[in-house]
Amino acid sequence: MTAEQYDVVIIGGGAAGFFGAISIAEGCKGKRVVILEKSSKLLAKVKVSGGGRCNVTHHAFTPAALASHYPRGHRQLKKIFHQFHVQHTVDWFLARGVHLKTEEDGRMFPTTNDSQTIIDCFLGEARRLNIQIKTQCEVEAMAKRAEGFHIHTSQGNFTCTCVLVAIGGHPNRSAYHWLCDLGLSIAP
């Protein structure tokens, strides 16, 4: 069976997958990028986040203040938040026409109070950057080869030089079998 060829395959059609795909497509012009989502719904958690309003971030503009909102992993996140923090998030959405507002408790939402605003932003950017999207496309196996990766899915095969895994958490360790088969370890 012939494999579809891409430069980058993003596994996971949630907010992290879309943001990663958009960042890669913007930073590496001309690269072929595809998002593989195992379900039929893209950005499903974005849709319900914040009661359907999408809690985008928190009004905590220093890395330490933002990390304090994450009791598990705050040390690791503090380092990451030095590279991309709340002001970057606010600016990123503003550059795409999405205005955010801060509520009394510090949570930040789109001014529309509608998570669809964030979903439309991500989908619009994906279209603008010609990012391909495959839904109902579950990864079943992945192998590292000299030229990159070969990915077998429920919809066929894909090859690429780089993979970004953005599948979120899953309570069942067997959901990650294809990552374990690559020799990666999964921490509960």
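Modeller: A residue is called buried under 20% relative accessible area, exposed over 50% and partly exposed in between, with a 1.4 Å probe and protein chains only. This is a predicted model, in which local features need pLDDT of at least 70, side-chain atom pairs count only at pLDDT 80 or more, and totals for chains, interfaces and linings use all residues. Residues are numbered from 1 along each chain as its sequence is written, and side-chain values use heavy atoms, with hydrogens and water left out.

Biologist: Are F18 and F122 buried or exposed?

Modeller: F18 and F122 form an aromatic pair, with 6.2 Å centre to centre and 40 degrees between the planes. Rings of Phe, Tyr and Trp (its six-membered ring) pair if their centres lie within 6.5 Å; planes under 30 degrees apart count as stacked, over 60 as edge-to-face and the rest as tilted. The F18 and F122 pair is therefore tilted. As for accessibility, both F18 and F122 are buried.

Biologist: How many residues apart in sequence are the parts that F18 and F122 tie together?

Modeller: Helices (H or I, at least four residues) and strands (E, at least two) are DSSP runs, numbered from the N terminus. F18 lies in helix 1 (residues 15-27) and F122 in helix 6 (residues 115-128), so the parts tied together are apart in sequence by 104 residues.

Biologist: Which residue lies over the face of W92?

Modeller: W92 belongs to one aromatic cluster with F18, F19, F84, F93 and F122. A charge sits over a ring if NZ of Lys or CZ of Arg is within 6 Å of the ring centre and within 35 degrees of the ring normal. At 3.9 Å from the ring centre of W92 lies R96.
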